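Here is a briefing on one protein chain and its model. Keep the structure open as you read, and find each part as it comes up.

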Amino acid sequence: GYLPTFSFSFSFSFDVTVAYNKDPSPIKLNLGVGAYRTEEGKPLVLNVVRKAEQQLVSDRSRIKEYLPIVGLGEFNKLSAKLILGADSPAIRENRVTTVECLSGTGSLRVGGEFLARHYHQKTIYIPQPTWGNHPKIFTLAGLFTRRPWCCPQGSIVLLHACAHNPTGVDPTLEQWEQIRKLMRSKGLMPFFDSAYQGFASGSLDTDAKPIRMFVADGGECLVAQSYAKNMGLYGERVGALSIVCKAADVAGRVESQLKLVIRPMYSNPPIHGASIVAVILRDRNLFNEWTLELKGMADRIISMRKQLFEALRARGTPGDWTHIIKQIGMFTFTGLNPAQVSYMTKEYHIYMTSDGRISMAGLSSKTVPHLADAIHAVVTK
Ligand code: PMP
């Protein structure tokens, strides 16, 4: 046969989980997962999501017809408002086109392919390091990916809107302002990946600030939004791509080109996840309840950071571990090297990607001591 029979051994969170599942040890710990877990180590379905689903199920007028190519219109409008701000001049002036896509990944892919077809430059500059899927998504979308950042006039630049994955290190607002000025002066096209809005600071508006700074100057940008983390809708695959243009007529033409990208790729996006999001975003009470649940998740992660930091300090573990409490979002970039990671997996049954990235959401007060013991052992070995 001609089908490839080989496989690659990459160190992505999905592979880490496969190895973790095979390990029979009762003390095993999976810190590779890119999904939120409760203090009990369980996946979480938000209360507001359950409520929204009940509303949807009990509405007998709901049908399962295809959505338009661009997805659910109300979802698109509400998503643009959520990320750009309800009072965004770009929305008011009809300069934004938003299409529902298959979560963050699908939004990046559609945006990438649109740029590959229509933008005057075919190279996207991506951070080093970055989420492991970025280079693959953009390469298959038809762009060249380059790093580090020494880009010619007009290049496309990928920016993590908040909670940079994997480092957990974000620019300050002052630094974002410098980045904005520099990028605008070189005519660079910002493509924001917003996979963690609300998850970093606990506030949806705070986490969207960098994007809003770029939109406020009247220039163009692309934004890929995901509801996987902040609404816990991982497997529903719900996200949006917004393209902010300089004029309303351009936004209209961009939308028609986006349809030409989407139609042969998957025809139209799924209905259920976007409907859940629309129910929550349109209802003030559900929206407020969502922000509280979101803050609850963000706060638990921050608390895990403090507990791990304290546990290492209590053990007198050599090294400066303040980055654990300084970093932002779901992940901590520990600084552990691949050899140390594999030692911790072998001796302590702790699983993580080989770059030393651990998911704080996979930790609990019960498992922090075990992780601290393992880190202490490996750095004093
Ligand atoms: N961008 C970044 C930086 C991510 O970490 C993730 C999820 N791990 C995504 C995009 C996309 O996730 P999804 O397709 O599930 O929305």
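## Two domains and what lies between

The centres of domain 1 and domain 2, taken over C-alpha atoms, are 30 Å apart. Domain 1 is made of residues 13–44 and 299–379, while domain 2 runs over 66–282. The model is a predicted one.

**Where the domains touch**

- Contact between the domains involves 13 residues of domain 1 and 15 residues of domain 2.
- On the domain 1 side, strand β9 (residues 331–333) gives the most, with three residues.
- By class, that side of domain 1 has seven nonpolar, three polar and three charged residues.

**The annotated span**

- The UniProt record, an unreviewed entry, carries the annotation "domain: Aminotransferase class I/classII large" for residues 27–375.
- Residues 27–375 are 47% helix and 13% strand.
- The end C-alpha atoms of this span lie 15 Å apart.

**Around the ligand**

- The shell around the ligand has 13 residues, and S103, G104, T105, A195 and S226 come nearest.
- Helix α5 (residues 103–118) gives the most to this shell, with three residues.
- By class, the shell has four nonpolar, eight polar and one charged residues.
- S103 is found in helix α5.
- The phi of S103 is positive, about 55°, although S103 is not a glycine.
- Is S103 buried or exposed? S103 has 24 C-beta neighbours inside 10 Å, so it counts as buried. The cut-off for buried is 20 or more.

- Which residues of helix α1 (residues 13–22) are buried? They are S13, V16 and Y20.
- Seen down the axis of α1, these buried residues fall within an arc of 55°, so they line one face of the helix.
- Here is the general rule: an α-helix has 3.6 residues a turn, so residues three or four places apart point the same way.
- The other side of α1 has the exposed residues F14, V18, N21 and K22.

- Helix α13 covers residues 338–348, and V341, M344 and T345 are buried in it.
- Why do these buried residues line one face of the helix? Seen down the axis of α13, they fall within an arc of 100°, so they line one face.
- On the other side of α13, A339, K346 and E347 are exposed.
- The cover over the buried residues of α13 includes β10 and α14 (368–379).
- H349 follows α13, and the phi of H349 is positive, near 60°.

**Two cis peptide bonds**

- The peptide bond from Q128 to P129 is cis, with omega near 0°.
- P129 sits in the loop between β3 (123–125) and α6 (134–140).
- N165 and P166 are also joined by a cis peptide bond, with omega about 15°.
- Where is P166 placed? P166 lies in the loop between β5 (156–160) and α7 (173–185).

**N94: a positive phi in a loop**

- N94 is not a glycine, yet its phi is positive, near 55°.
- The loop that holds N94 runs between α4 (89–92) and β2 (96–102).
- N94 is partly exposed, because 13 other C-beta atoms lie within 10 Å. A residue would count as exposed at 12 or fewer.

- A216 is found in helix α8 (residues 204–216).
- A216 counts as partly exposed, because 14 other C-beta atoms lie within 10 Å.
- A216 and S88 are 128 residues apart along the chain.

Terms used
Residues numbered from 1 in each chain as written. Predicted model: local features only at pLDDT ≥ 70, side-chain atom pairs only at ≥ 80, totals over all residues. UniProt positions renumbered as here; feature names shortened; annotations may be inferred. Helix = DSSP H or I, 4+ residues; strand = E, 2+ residues; numbered from the N terminus. Arc of directions from axis to C-beta. Domains from an automatic or database assignment. Contact = placed C-beta atoms within 7 Å. Nonpolar A, V, L, I, M, F, W, Y, C, P; charged D, E, K, R; others polar. Near = placed C-beta within 6 Å.
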